[in-house]
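Hi,

Here is the structure I promised to pass on.

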Amino acid sequence: MSEPILKVEDVHAFIGQHHILQGVTFDAKADAVTVLIGRNGAGKSTVIRTVMGLLPSSKGKIVYKGSEIHKKKPYEIARMGIGFVPEDMGIFTGLTVEENMRVAMLHDDENTAQRLERTLDMFADLRKFWKREAGNLSGGQKQMLSIARAIVNDTSLLLIDEPSKGLAPIIIESVIGVINQIKTNCVVILVEQNFHMASSVGDRFHILDDGVVIHSGLMEELVVDEDLKSHYLGISKESG
Amino acid sequence: MAGETPVQIFHLEERKSRFRSAGFLINTGVLLLFLSVPLLFPSFKTVDLAVKIMIFGVLVASFDILLGYTGILSFGHGMFFGLGAYCVALVMGKYGDPSYLNFIFGMVVATIIASALAMFISFLSLRVKAIFFAMITLAIAELAIVLATKLSGFTGGEDGISVSMPGIFAISFSMGDFMGFEVTGRIVTYYFLFLSCLGLFVLMLRFTHSPLGHVLQAIRDNVQRAEALGYKTFIFQCISITFGCVVATVTGGLYAVWVGYVNPESCLGVTTIMMDVLLMVIIGGMGTLYGGFVGAAFVLIAQTFLPDLQDAANSLFPHVPFLHNILERWLLIFGILFILVVIFFPKGVMGSVREFIGRRK
Amino acid sequence: MSETTFRGWGRGIAVFGTVAIFLFPLMGMPAKTYLTLTIAGLAMGMLLFLVASGVSIIFGLMDVLNFAHGALFAWGAYVGFSTFKVLMNWVEADSVFQNFAVFFIAIIAAIVVVGLIGILLETIIVRRVYGSHLFQILITFGATIVLVELIRVFWGPNDEVMTVPLTFRGNWDVMDVIVDRYRIICIVIGLTLYGIIQLILKKTKLGTIVRAGVENREMVQAMGHNIFLLFTGVFAAGAGLAALGGLAMAIFSLQVYPDMGSTYLLFAFIVVIIGGLGSVTGSLVGALIVGLSYNYVAYLVPWAAAGANIIIMIIILLVRPRGLFPVGK
């Protein structure tokens with residue numbers, strides 16, 4: 001069993017006066033895709049944003065590759081090799097695809113250039129629309145761009161927040177394919193409400209409810225556990 | 001008791017303990033203090049200070065209605081103050097004789113103009129971002145000063161207008177003795193102003209504690225939620241802004257009565273009136289009407305003793321002209337003080353007190 | 001509607017509006033007067049652009065409302081004034097080289113000094129009030145008071161006359177039209193700065209990051225860029241632009257006085273409302289509109305000059321509250 005690349009220990013976080021995270025504890029192992037699932041408002045996105053430093057934690061520890069990051073600024077955390085794909089994709093619509101990628105690229109060396117090539121190989125559309133204004137891309141293309149930006153550096157940990165949101169099923173399939181390709185190079189933590197996506201790429205899962213992790217385990221077990229699914233995810237026994 | 005909701009029980013208990021609370025005792029104490037000032041400290045300087053604290057206290061509280069309760073920052077408040085002062089001065093000084101009727105007439109005219117202007121301002125505040133609104137109100141205020149100075153035929157220009165008071169308020173009036181004190185026009189005016197300011201302040205308190213006031217606070221805290229609840233936020237904001245501005249106007253009229261002289265710089269000036277109001281509201285505490293008085297007292301007392309401070313500096317450090325230069329530029333000191341208060345003490349005195357009390361509960 | 005449709009509208013209105021403003025007054029005056037006024041309007045517009053662009057970008061990137069911009073403008077003028085005083089013989093010299101040299105030295109001095117003030121302002125004061133527009137207005141208002149009073153302390157409270165370098169004085173006679181030399185210089189300065197700013201924004205990585213940050217500050221941070229350093233830098237750059245504008249305006253109006261910032265700040269804000277927050281091109285177009293209309297109206301109906309701009313601003317607020325070239329969130 002490998003060391004967890006990310007350890008979140010008893011983290012509390014507030015948004016304004018609302019106590020959103022009430023003691024979240026989980027870890028992400030380096031050899032698995034970890035999925036955070038749960039109902040709306042459970043705090044999944046908040047966890048990701050707190051790990052990324054975009055939200056301050058009032059209590060608790062976050063340890064990445066052995067270093068404590070919960071007091072660091074977001075840009076320091078990003079530079080440690082953590083990539084972030086936000087819920088709203090965070091695309092710079094007035095900039096071209098090329099410019100979006102350039103903002104993402106933190107170094108101007110050979111390695112980054114090669115990674116850029118490999119990334120564009122993975123996302124053919126981005127190469128095609130290289131000089132196009134990012135605001136003109138389709139929803140699926142924007143999602144690809146957002147992911148591409150997050151992996152073009154030497155990313156060890158990729159945080160993805162609800163990538164399937166608002167996407168057509170066929171696009172979701174290609175996103176699933178992309179994540180399955182990426183996971184060989186870096187550790188992925190995925191926040192997802194769409195159970196099909198979660199189960200297609202995830203190896204381990206943590207269920208979040210009311211700001212705490214209430215259940216963890218292997219994805220292959222969750223898939224067959226109808227009670228758990230319906231109780232915490234609202235997935236009815238018929239559909240699943 | 002059966003049938004009483006928890007909220008009703010809570011209100012009942014609150015009302016019962018009201019007369020014993022510290023706040024009430026302090027309020028009464030302050031009122032008694034102001035009531036007795038002309039009797040205990042008859043020097044003009046002190047009485048003048050007391051009047052200014054009362055008037056500015058009400059003015060700042062009216063500004064707080066806009067800033068703390070409605071959440072908008074308008075640099076035009078000084079203009080409303082000046083509007084009231086000028087209307088009263090024009091009606092009683094320039095174009096009519098000093099008479100009680102003219103005084104009331106002047107106030108009414110000022111109120112009407114103020115209401116119209118305030119509604120224009122509230123419409124503007126809706127349409128523009130905060131900073132542009134602030135800038136525009138500043139521009140309008142400065143325009144008012146320019147108009148007052150340039151239209152000298154009408155307004156007396158830079159020289160301003162003198163006002164004398166009628167009847168029992170006249171400076172020369174004397175009603176003889178009362179328990180060993182000579183009851184002059186000044187004293188009568190003092191108590192008139194005392195009652196007026198008290199009345200205005202109570203009015204504002206009732207406004208903010210009314211259902212309308214509570215809706216306003218809801219709007220201030222979360223506009224979208226208030227709208228989702230069905231409140232036409234704009235109308236509420238309009239009413240509250242108009243109310244605050246009209247009170248400011250009335251205060252200006254009262255000021256003219258006491259000082260007996262209006263001119264652009266002393267009544268409309270941004271660096272004079274508006275800057276003072278801002279400093280007072282920050283020191284006193286936004287969103288707490290009482291803060292207006294605390295801030296006014298603090299700033300006015302400091303201003304009164306500033307010349308003494310300058311003298312002290314002169315005698316302690318006689319060979320440092322730079323220091324003298326700086327102290328002479330009291331506006332500079334004001335500005336620095338203002339910045340420091342905004343950074344380190346943004347809740348002001350009343351705000352911190354309330355927070356302290358809230359935490360102890 | 002997508003951002004691009006709006007931008008199309010914005011361009012349409014801007015082009016139509018500018019052309020209309022350009023041509024309409026021609027009906028009321030002889031061609032030569034028209035040309036003189038146009039040049040005066042363009043020159044004034046360029047100076048306003050320098051101040052307004054700083055405000056626009058600072059707000060677009062940092063979401064900070066900087067009331068103190070006018071004071072920075074005034075400081076730039078005064079630093080330039082002192083530079084000219086120290087090097088007065090170069091100013092008065094009958095040498096094109098020396099005149100331009102002292103001008104550039106003044107520009108650099110103004111930009112450096114005010115840039116430093118900008119850095120101090122941002123790190124010590126503005127940084128503490130990120131996130132609250134109300135406190136930003138209050139604190140930068142206080143900063144304005146302090147900065148203007150410091151001008152009075154260092155330079156005295158009176159108006160001072162600004163000497164114009166010899167080469168910049170007087171007119172050129174171009175095809176029988178008398179053209180004020182300095183006004184042309186202002187137009188050149190403005191266009192050059194616009195070009196430089198656009199070049200930096202569009203062609204350098206730093207500029208791209210700034211543009212990205214204007215759109216989504218948080219994302220830029222999450223992508224590994226030290227946004228606070230960026231903020232300070234942009235704030236200082238905006239301050240430098242204001243300083244340049246102040247210096248240029250001092251030469252333009254032949255005087256400096258402590259409160260000169262507030263008049264022009266009001267104009268600058270009108271420009272930004274018309275042009276749209278966060279857009280440099282918007283600032284340029286807005287500034288030209290304000291400058292031109294001010295000069296045309298000042299000639300035709302003198303007392304209404306400032307009012308005309310306020311009317312245009314009100315029209316824009318009613319029709320397109322985010323301005324002609326809105327950027328953003």
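To start with chain B: what percentage of the 361 residues in chain B is buried? The figure is 41%. Before you read on, bear in mind that this is a predicted model, and everything below is computed from it.

Chain B contains 17 helices and four strands. If you count its contacts with a separation of 6 or more, 73% of them are between residues 24 or more positions apart.

Next, where chain B touches chain C. Chain C puts 22 residues into that contact and chain B puts in 24. On the chain C side, the elements giving two or more residues are helix H6 (133–155) and helix H11 (260–275). Sorted by class, the chain C side comes out as 17 nonpolar, two polar and three charged residues.

The axes of H5 (residues 96–125) and H10 (residues 227–253) of chain C come within 7 Å, crossing at roughly 140°. An angle over 145° would be needed to call the pair roughly antiparallel, so H5(C) and H10(C) count as oblique to each other. The crossing of H5(C) with H10(C) is right-handed. From H5(C), the residues that meet H10(C) include C:Ala106, C:Ala110, C:Val114, C:Gly118 and C:Glu122. On the H10(C) side, C:Phe231, C:Phe235, C:Ala239 and C:Leu247 are among them. The contact of H5(C) with H10(C) divides into 15 nonpolar residues, six polar and one charged.

Partner two is helix H2. Here the axes of H2 (residues 31–62) and H10 of chain C come within 9 Å and cross at roughly 165°. That makes H2(C) and H10(C) roughly antiparallel to each other, and their crossing is left-handed. Among the H2(C) residues in this contact are C:Ala43, C:Leu47, C:Gly54, C:Ile58 and C:Met62. H10(C) contributes residues including C:Phe231, C:Val234, C:Phe235, C:Leu241 and C:Phe252. By class, the contact of H2(C) with H10(C) has 19 nonpolar residues, four polar and no charged.

C:Leu254 is in the loop between H10 and strand E4 (255–256) of chain C. This leucine has a positive phi of about 65° although it is not a glycine. For background, most residues other than glycine have a negative phi. C:Leu254 has 11 other C-beta atoms within 10 Å, so it is exposed. The other one is C:Leu193, in helix H7 (residues 181–203) of chain C. C:Leu193 counts as buried because it has 20 C-beta neighbours inside 10 Å.

On to chain A and its sheets. One is an open sheet of four strands in the order E2-E1-E4-E5, with antiparallel pairing. Strands E2 (18–29) and E5 (67–68) of chain A stand at its edges with a single partner strand each, so one side of each has no neighbour in the sheet. Strand E1 (residues 4–15) of chain A is joined to antiparallel E2(A) by nine bridges. Within that pair, A:Ala13 stands opposite A:Leu21. A:Asp10 lies in strand E1 of chain A and has a positive phi of about 50° despite not being a glycine. With 14 C-beta neighbours inside 10 Å, A:Asp10 counts as partly exposed.

Another open sheet in chain A has six strands in the order E6-E7-E8-E3-E9-E10, and its pairing is mixed. Strands E6 (82–85) and E10 (212–218) of chain A are at the edges, each with a single partner strand, so each is left with one side lacking a neighbour in the sheet. On average, neighbouring strands of this sheet are turned by 15° against each other, ignoring direction. Three bridges join E3 (residues 34–38) to E8 (residues 187–191) of chain A, and these strands run parallel. A:Val35 has A:Leu190 as its bridge partner in E8(A).

Two helices of chain A lie across strands of that sheet. Helix H1 (residues 44–51) lies across E3, E7, E8 and E9 of chain A, at about 145° to E7(A). Helix H6 (residues 139–151) of chain A lies across E6 and E7, running at about 170° to E6(A).

Cheers

Key:
Residues numbered from 1 in each chain as written. Chains lettered and ligands numbered in written order. Predicted model: local features only at pLDDT ≥ 70, side-chain atom pairs only at ≥ 80, totals over all residues. Pairing = 2+ DSSP bridges. Contact = placed C-beta atoms within 7 Å. Nonpolar A, V, L, I, M, F, W, Y, C, P; charged D, E, K, R; others polar. Axes fitted to C-alpha atoms, helices over the stretch in contact; angles between N-to-C directions. Parallel < 35°, antiparallel > 145°, perpendicular 65-115°, else oblique. Left-handed = near helix turned anticlockwise from the far one by under 90°. Buried ≥ 20, exposed ≤ 12 C-beta atoms within 10 Å, placed from the backbone.
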